[in-house]
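The entries go from the chain as a whole to single residues.

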Amino acid sequence: MARREDVFISLSAGLTGYSPVRLIGTGMCDQYLAELGKVLSDGMVDEFLSAYARPPADGGCSVLKVLRDARWGPVARRVMILWYCGTWTALPESWHAVHGASSADTDHVVSAEAYQAGLQWVAAGAHPAGARQQGFGAWALAPEGV
Amino acid sequence: MSTASTRITTVERLREYLYLAMQLEHATIPPYLTALYSLKPGTNSDAYHVIRVVAVEEMLHLTLDANMLNAIGGSPDLTAPSFVPDYPAFLPDGETDFQVSRQRFSREAMQNILEIERPKQTPSEQHRLVRRSAPKAQQLAVVPGEPSMQYYSIGEFYAEIGRGFRYLHKEMGDALFRGDPARQVGKEYFYSGGGELTTVTDLDSAEVAIRLISEQGEGYGGRIYDEHRELAHYYRFEQLLLGRYYLDGDQPGQPTGPALSVDWDAVYPIKQDARLADYPAGSELRDAAVAFNRAYADFLGLLTKAFTGQPELLIEAVTGMFRLRDLMIQLIRNPIPGLDGVNAAPTFEMAAAAVVSS
């Protein structure tokens with residue numbers, strides 16, 4: 001069986017549109033998996049990853065299957081935000097009513113590194129304001145790729 | 001071989017030495033950056049700051065060498081083939097030479113770096129040059145055009161450059177400094193924690209530049225702190241191995257300042273002297289390594305422009321270094337497929353970058 005980190009990265013690549021090398025390159029994989037475990041429970045994270053790893057019966061896309069799933073779709077959407085913003089967004093009450101409550105499921109920034117590693121900065125060709133050195137006068141240069 | 005024939009007696013010869021000096025200063029940067037970015041985030045802040053500041057100062061030395069070369073009408077080209085050495089490269093360490101590699105942060109890597117910065121004065125005039133019986137392709141600090149003759153130390157290499165300036169100035173007077181002053185990179189274009197960038201327009205300023213490079217690297221006259229109370233590079237790195245900071249007044253090898261902590265295990269297990277060929281053809285990792293090499297080639301191109309009449313571009317080049325950092329870190333965090341527990345690293349193969357982008 002594949003390592004859970006590998007499954008998580010594969011799923012995250014599908015959810016974010018960024019390649020595994022890019023995602024591993026953020027250095028956040030272990031921290032995000034641990035964060036998911038805190039919010040959901042490690043057992044539930046394994047179920048979430050298995051839901052993705054099992055090939056769909058109709059031969060369709062595994063990522064879409066997860067996104068359309070009533071239980072895992074809302075979690076997958078929050079994993080997207082996690083990679084882009086480094087923040088966890090609380091699941092709705094209606095989700096908790098069906099799948100169980102968690103006191104750790106609150107809106108929060110995962111860590112200082114997570115804020116800096118957010119894909120939003122890469123997507124914008126920019127840098128996390130005030131958090132990562134980029135050299136004197138850099139603010140006068142156009143964003144990368146512009 | 002008599003030492004007389006290796007003396008610098010022409011402007012052309014002095015230019016060759018200064019270009020080799022630039023190559024030498026730059027050659028320390030890939031190993032320093034590789035060790036620096038192999039540190040795991042959130043750990044080893046003492047080591048991170050020591051290595052980072054020294055790497056910035058090597059950039060300062062590179063710029064000072066460019067100023068000296070420009071002052072005498074030379075033209076620095078950091079994009080020339082073989083400007084970036086093929087690692088491992090070989091630097092002098094007295095009677096023997098030693099290997100410099102791009103490798104992860106470790107006790108061995110720090111020992112290696114100490115050898116780069118080690119103060120070493122030749123025991124006598126006859127020992128100033130050492131013949132290497134089997135010259136290696138990437139031998140640095142050699143006599144230009146005489147790859148088998150290597151200087152006893154980097155300090156001796158710079159001492160010859162200083163002698164060359166004095167000799168030629170005596171012969172030619174101020175006509176030696178025939179370069180365009182507009183090519184000088186002044187301190188308004190370079191911010192560094194220690195040491196000031198000085199423009200070179202006459203013999204005095206050339207000697208100031210040489211002294212700054214020598215003192216920052218190896219210390220001066222056996223002292224560990226210089227006149228600006230700045231600790232020489234050798235002793236800064238030694239602090240990491242000894243686990244303690246130096247204080248002004250300390251004896252070499254016996255720091256008495258606060259303890260510092262190093263976590264030798266909080267380091268990514270990167271491949272030493274990694275090459276593109278280590279990454280599977282067609283893999284994303286290979287593409288990322290190629291992208292880094294291209295970005296590094298662009299960076300060297302920008303530095304060349306900054307050193308040949310557009311000094312304001314140095315600000316942009318330094319900003320570019322932060323982009324290089326992001327590309328390097330991305331490689332260093334990724335395992336190499338098929339090699340269990342070995343991570344990738346930037347390869348700094350400039351020839352490959354040129355082929356790919358042409």
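Below are my notes, grouped by topic.

**Ground rules**

I am working with a predicted model, where local features need pLDDT of at least 70, side-chain atom pairs count only at pLDDT 80 or more, and totals for chains, interfaces and linings use all residues. Residues are numbered from 1 along each chain as its sequence is written, chains are lettered from A and ligands numbered from 1 in the order in which they are written, and side-chain values use heavy atoms, with hydrogens and water left out.

**Chain B overall**

I looked up the secondary structure first: chain B has 10 helices and 5 strands. Here helices (H or I, at least four residues) and strands (E, at least two) are DSSP runs, numbered from the N terminus. Chain B has 358 residues, and 56% of them count as buried. Buried means under 20% relative accessible area, exposed over 50%, and partly exposed in between, with a 1.4 Å probe and protein chains only.

Next came the contacts, meaning heavy atoms within 4.5 Å. In chain B, 70% of the contacts between residues at least 6 apart in sequence join residues at least 24 apart. I also noted an accessible surface of about 14700 Å² for chain B, 50% of it belonging to carbon and sulfur atoms. Those areas come from the Shrake-Rupley method with a 1.4 Å probe, and for residues only the protein chains shown count as cover.

In their contact I find 28 residues from domain 1 of chain B and 24 residues from domain 2 of chain B.

How much area is buried between domain 1 and domain 2 of chain B? The figure is about 2200 Å², with carbon and sulfur atoms giving 74%. Buried area is the accessible area (1.4 Å probe) that two parts lose on being put together, summed over both. On the domain 1 side, the elements that give two or more residues are helix 1 (11–27), helix 2 (29–37) and helix 3 (45–71) of chain B.

Across this domain interface the rule finds 0 salt bridges, a salt bridge being a side-chain nitrogen of Lys or Arg within 4 Å of a carboxyl oxygen of Asp or Glu. The rule does find 5 residue pairs in polar contact there, both at pLDDT 80 or more. A polar contact is a pair of N or O atoms within 3.5 Å; within protein, one must be able to donate a hydrogen and the other to accept it, and residues adjacent in sequence count only if both atoms are side-chain atoms.

**Chain A against chain B**

I then checked the chains against each other: 17 residues of chain A are in contact with 16 residues of chain B. About 1400 Å² is buried between chain A and chain B, carbon and sulfur atoms giving 54%. The salt bridge count between chain A and chain B is 0, while 6 residue pairs are in polar contact, both at pLDDT 80 or more.

Just after helix 7 of chain B, Gly243(B) has a positive phi of about 75 degrees.

Ser106(B) sits in the loop between strand 2 (96–100) and helix 4 (107–117) of chain B, and is buried at 9% relative accessible area. The side chain of Ser106(B) reaches the backbone nitrogen of Ala109(B) at 3.0 Å.

**Salt bridges**

My search of the whole structure gives 14 salt bridges over all chains. One of them pairs Arg4(A) with Asp46(A), closest N and O atoms 2.9 Å apart. That pair links distant parts of the chain, 42 residues apart: Arg4(A) is in helix 1 (residues 4–16) and Asp46(A) in helix 4 (residues 42–53) of chain A.

Arg163(B) and Glu160(B) meet at 3.0 Å, N to O. They are separated by about one helical turn because they lie 3 residues apart in helix 5 (residues 154–172) of chain B. Arg163(B) is partly exposed at 27%, whereas Glu160(B) is buried at 1% relative accessibility.
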